[in-house]
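Here are a few notes to keep beside you as you look through this model for the first time.

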Amino acid sequence: MNMNKRVEFSLFILLLMIAVSAVHEAYYTFQVDCSGGVWNNFDFSRPVEDWSEAAHKFGGKNGVIDLVVAQIDINGLVMLPFPLKNTSYLCSSSKTDLAEPYLSKFDLEGLKVILSIQPSRADVTQIVRILLSRYGQHDSIIGVNIDLEWKESGRPSYASNEERDTWLNEIRSYSPSFKLFLTYYRDYTHFPQDATDLVILFDGEDDTQANLLNRYKELAKHYSSIGIYTGYSSSVPPVASYERIMAAVPNTRYIIHTEDVFCNQPILMFYLDDVQADWLESVSVDLINLHMEEKMPMIFGVIPNNLDNPNVGGGYLPNLLKRMNENESDLFEIGQHGYAHADLKGKSYEEQKEIIQKGLVALTSIGIKPVTFIPPFGSADVTTIKAAEDLDLKIFLDLYEDLHSDKLLIMNSWVSLTVENERTARYNFVYRTTTLKQPQQIIAGVDQETSKKGNTVVIVVYYIHDLEIDTKNKLVELSKTLKILKNSRKYRFMTARQYRETLREETIPTQSEVTPTWSAHWILYLLVGASATTTLGLLASRRLRRTKSARS
């Protein structure tokens, strides 16, 4: 290879590397341009180190803290965390400045801080001026957030374009880099039109994550910079994962965690046992509808045999389960309850694996791939665990044995929803009658379980035949019980699959952790190809000019 060709080849390789590097960096910068963080609702009693650690946990080295520094009290006054002469709408909550040491620590930690305001009837611009005059010099502050839920001045819970401009001008007078954040849980009509340095934060709760993310997605159509709060115990599940949020709204810039930051609430899981085709299917439907109305998650222990058998009478349960799995996965998890409800304990590995595999095949045939296994009668042993592990199941509900696994998430703390009254024999079957426990009985049972060995997850178990007799009245009782448990605010509610997902860290992924999508790959290939083609064309043109010059 002569010198000219070596130079040309080296130039080609250099340009190719530059093109790959540029596209790679641009793509990943877009993918990870999202800040995660935590919401501090005027809490200056918890040590500042806890808040710094939490912000780093959820947001990495540049985590965000949404710090409420103007909070509405029960009298409608706005409390500020430093000495201040009280006015008609503003009051001081402390003789010393509570926020200053927190902000100083956040400066040192390299965190980002949003100063949040719940303005009530006070003048928003006045509060902004007071806060930024006091704290605007802190390096950690990136802007001011107005929570429209608590705005009672002007048009309550709305922000006009004129108010947006007034607030933005006031904020920018302290730093041109500051942004205006506006928070609310309703649609875009409550917010002003989009503008530079405006960020909209969606604050929805008390619904399934699917519904909340649909509302967030609709809101995001109107704004270039947007974020979301997640982690409310009233939502199902409480937390929407980073992946799920970004899939719904790729231009999300902020994900702020709320009640899940320092959460010590026990988790309750409702588990319905013995759901199967052509047996009490109408009761299954009634329970599904009830849990949907109450937005209460539920695990179904489905007996798989006959799900894929078209000759079984009834037959609408398989399609119902399939629809639930596709459309209502926030509320319902379909677990595998053996195959034909036979004992597993004591059988060989080959026998147990074959039985479990038959159940998996039956569920897969209707589009369901379960991750949770529940052995019939609670009959299981170490061989059952081994078979479940080898079949790639992830969770094991162990209601009667004391089993262990390094691969499976085993949950074995539970209480019964019912009390057994009596058993009677009819037509060669033993029937039992049960009574639903009162809510306080269930709460007492859960408290007893959570006091054992630090249990944080308790399964509330009931059987479909518990509602076979006096179904209508028991459904009414169950509805009341679900409401009382939910309104107690003592618990978080989720399925086993959702709980397993919460065990993962919710930190925003770093650049190295983000996986390119196929569309990004194609963009990369096209740009690199175009760069290479252009380079080769220029080199060929150069050689042609040299050839012509040599001939002349």
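Predicted model: local features only at pLDDT ≥ 70, side-chain atom pairs only at ≥ 80, totals over all residues.

1. Start with I443, which touches L485, K490 and Y491, leaving aside residues up to four places away in sequence (a contact means heavy atoms within 4.5 Å). I443 belongs to helix α12, and it is buried because its relative accessible area is 7% (buried is under 20%, exposed over 50%, partly exposed in between, with a 1.4 Å probe and protein chains only).

2. Residues are numbered from 1 along each chain as its sequence is written, and side-chain values use heavy atoms, with hydrogens and water left out.

3. How do α12 and α13 meet? The axes of α12 (residues 439–450) and α13 (residues 471–487) come within 9 Å and cross at roughly 50 degrees (axes are lines fitted to C-alpha atoms over the stretch in contact, with angles from 0 to 180 degrees between N-to-C directions; helices are DSSP runs of H or I with at least four residues, strands are E runs with at least two, numbered from the N terminus). P439, I442 and I443 of α12 make the contact with T481, I484 and L485 of α13.

4. Next, the backbone. Most residues other than glycine have a negative phi, and most peptide bonds are trans. F377, in the loop between β14 (372–373) and α11 (382–390), has a positive phi near 60 degrees; at 52% relative accessibility, F377 is exposed. R489 also has a positive phi, near 60 degrees, and sits in the loop between α13 and β21 (492–493). At 44% relative accessibility, R489 is partly exposed.

5. Which two residues does a cis peptide bond join? They are V236 and P237, with omega about -15 degrees. P237 is in the loop between β9 (226–230) and α7 (242–248).

6. Finally, confidence. The average pLDDT is 87, and 82% of the residues score at least 70 (pLDDT is the predictor's confidence in each residue, from 0 to 100). Residues 22–31 have pLDDT below 50, and this stretch has 17 contacts in the model beyond near neighbours in sequence. Residues 511–522 stay under 50 as well, with 15 contacts beyond four places in sequence.
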